[in-house]
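I opened a notebook for this structure and went through it place by place. These are my entries.

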Amino acid sequence: MNTMNILKRAQEVEPRVREWRRHIHAHPELGMETEVTASFVEKILGEIGIKDVRRCGGTGVTALIRGAASQGADICVGLRADMDALPVNERSDLPYKSVNAGAAHACGHDLHTACLLGAAQVLHDLRAEFRGTVKLIFQPGEEGAGGAAAMIADGALENPKMNAIFTLHSWPDLPVGTVGFRRGAVLASAQAFTIRLKGKQGHAAHPHRCIDPILIAGHVICALQSVVAREIGPLETGVLTLGRIAGGTAGNIIPEEVVIEGTIRALSDDVNKRIIAAVTRIVEGTATMLRGSAGFKFSPGLPPVVNDDALFDRMEALFRKNFGGDHVRVLPEPSMGAEDFALFLEHVPGTHFRLGVGQEGQNNFPLHSPDFIADDGGIPYGVAGLTLLTLDSLGVKMP
Ligand code: NI
């Protein structure tokens with residue numbers, strides 16, 4: 001097979017992929033409630049001619065493309081795209097602007113879903129050329145709603161089991177026409193937590209008869225700044241952010257309780273665990289010192305996204321050869337954002353690459369901004385990237 005044709009084939013399907021993307025963009029849905037998007041995906045898969053399609057994890061969709069020469073070949077490659085939007089009011093004048101108030105594709109998942117449909121079209125067209133199976137995974141609920149976990153619990157890893165899995169994510173810091181990647185960790189772990197600081201309620205004028213959780217909270221906030229500064233090595237990476245605090249009802253009442261919510265980000269499980277241990281120790285110690293007590297709730301959390309070394313080497317060589325050096329960027333650093341693709345990587349080796357959707361030299365609006373716009377000129381690179389990774393892992397000999 002002539003690999004140079006893959007980018008050309010992706011360019012051939014580009015107009016349709018753009019149409020799909022714009023349709024999905026106009027009809028964003030939140031969390032696990034991606035019924036309209038899932039139905040659209042099923043409709044397009046049907047038009048392509050892919051028959052082995054099923055619902056998985058609620059509004060998730062999986063589909064199989066079997067190579068025509070599959071006899072005796074049990075290798076399976078997974079491609080995963082997220083479908084959900086964000087609770088954001090889109091600020092744009094695009095003709096395909098969101099028609100659903102309070103929801104917008106501000107993280108580019110519309111583009112991810114459309115690129116996966118484009119790769120499905122190209123791979124279906126090429127099915128005579130490969131042995132083995134391609135598993136397409138369209139996932140709801142990436143933005144904190146547990147979509148990957150729900151699909152895994154509903155059997156997304158089985159029938160058949162995957163030997164490798166790949167995904168892409170829009171990246172406004174990269175210009176259209178480029179892809180970006182990075183060896184090793186590319187996205188952080190995410191660990192949400194809630195701290196409840198317990199005191200004893202009473203009159204603000206009689207503090208000695210109360211235990212003041214607001215005072216405890218003040219000490220806790222300051223003491224927690226020492227965790228990353230003093231307990232995590234200067235060449236290690238960790239973030240501890242307190243994003244919400246709530247307590248009290250009136251200025252003349254010492255309240256019973258203060259609640260603090262935050263998040264921990266790290267590039268390794270080790271650093272994540274050390275930050276959790278330090279937070280627990282410091283908060284408990286501080287609360288005790290001031291006569292109060294503390295309770296904790298840590299979410300299940302997401303591990304970091306770490307590219308498989310061997311697959312990364314193949315991806316880098318593949319993209320450099322097929323796209324040319326000008327279209328390939330090595331990312332200087334990982335993002336401390338997180339992605340529940342990490343849950344698939346706990347079971348299957350894989351890689352994650354970034355698709356350029358920004359303008360060179362411009363101050364592009366970031367992901368999750370109401371002004372974020374993914375330039376869909378990068379579609380051929382997204383479609384070709386997913387297709388090339390799949391064919392390579394299926395062992396298709398490419399010059
Ligand atoms: Ni995203």
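**Entry: the model**

I am working from a predicted model. I keep that in mind for each entry.

**Entry: the nickel ion**

Which protein atoms hold the nickel ion? I looked up the donors and found Cys107 (SG), His109 (NE2) and His169 (NE2). They lie 2.2 to 2.3 Å from the ion. I then wrote down their spacing in sequence, which is C-x1-H-x59-H. His109 sits in helix α3, residues 109-125, while His169 sits in strand β5. The two are 60 residues apart, and the pair links distant parts of the chain.

Are these histidines buried or exposed? His109 has 0% relative accessibility, so I count His109 as buried. His169 has 7%, so His169 counts as buried too. The cut-off for buried is under 20% relative accessible area.

**Entry: α2 against α3**

I stayed with α3 and looked at its packing partners. For α2, residues 35-48, the axis comes within 10 Å of the α3 axis. The two axes cross at roughly 15°. Angles under 35 degrees count as roughly parallel, and therefore α2 and α3 are roughly parallel to each other. The crossing is right-handed.

Which residues make the contact? From α2 I listed Val41, Ile44, Leu45 and Ile48. From α3 I listed Thr113, Leu117, Ala120, Gln121 and His124.

**Entry: α3 against α9**

Next I took α3 with α9. Their axes are 8 Å apart, and the helices pack at an angle of about 55°. That makes α3 and α9 oblique to each other. This crossing is right-handed.

On the α3 side I found Leu111, Cys115, Leu116, Gly118, Ala119, Val122 and Leu123. They meet Ile379, Gly382, Val383, Leu386, Thr387, Thr390 and Leu391 in α9. The class count for this contact is 10 nonpolar, 4 polar and no charged residues.

**Entry: α5 against α6**

How do α5 and α6 run, roughly parallel or roughly antiparallel? I looked up the axes: they come within 9 Å and cross at roughly 150°. That makes α5 roughly antiparallel to α6, because angles over 145 degrees count that way. The crossing is right-handed.

The α5 side of the contact holds Ile216, His219, Val220, Ala223, Leu224, Ser226, Val227, Val228 and Glu231. The α6 side holds Arg274, Ile275, Ala278, Val279, Arg281, Ile282, Val283, Thr286, Ala287 and Met289. I noted 13 nonpolar, 3 polar and 3 charged residues for this contact.

Most residues other than glycine have a negative phi, and most peptide bonds are trans.

I placed Asn159 in the loop between α4 and β5. Pro160 is in the loop between α4 (147-153) and β5 (164-175). With a relative accessible area of 69%, Asn159 is exposed.

Arg291 is another non-glycine with a positive phi, here about 75°. I found Arg291 in the loop between α6 (269-289) and β13 (293-298). Its relative accessible area is 53%, so Arg291 is exposed. The cut-off for exposed is over 50%.

**Entry: Gly361**

I looked up Gly361 in the loop between β16 (350-358) and α9 (379-393). Gly361 is exposed, with a relative accessible area of 83%. Between Gly361 and Pro175 I read 186 residues in sequence and 8.4 Å in space, C-alpha to C-alpha.

**Entry: Thr237**

Thr237 is in the loop between α5 (213-231) and β10 (238-247). Its relative accessibility is 32%, so Thr237 counts as partly exposed. What does Thr237 touch? Leaving out residues up to four places away in sequence, I listed Arg265, Ala266, Leu267, Val271 and Met336. Thr237 and Ser268 are 31 residues apart in sequence, with 8.4 Å between them in space, C-alpha to C-alpha.

Terms used: Residues are numbered from 1 along each chain as its sequence is written. This is a predicted model: local features need pLDDT of at least 70, side-chain atom pairs count only at pLDDT 80 or more; totals for chains, interfaces and linings use all residues. Side-chain values use heavy atoms; hydrogens and water are left out. Helices (H or I, at least four residues) and strands (E, at least two) are DSSP runs, numbered from the N terminus. Buried means under 20% relative accessible area, exposed over 50%, partly exposed in between (1.4 Å probe, protein chains only). Donors are N, O and S atoms within 2.8 Å of the metal (3.2 Å for Na, K and Ca); water is not among the atoms, so sites may look incomplete. Axes are lines fitted to C-alpha atoms, for helices over the stretch in contact, and angles run from 0 to 180 degrees between N-to-C directions. Angles under 35 degrees count as roughly parallel, over 145 as roughly antiparallel, 65 to 115 as roughly perpendicular and the rest as oblique. A crossing is left-handed if the near helix is turned anticlockwise from the far one by less than a right angle, and right-handed if clockwise. Contact means heavy atoms within 4.5 Å. Ala, Val, Leu, Ile, Met, Phe, Trp, Tyr, Cys and Pro count as nonpolar, Asp, Glu, Lys and Arg as charged, and the others, Gly among them, as polar.
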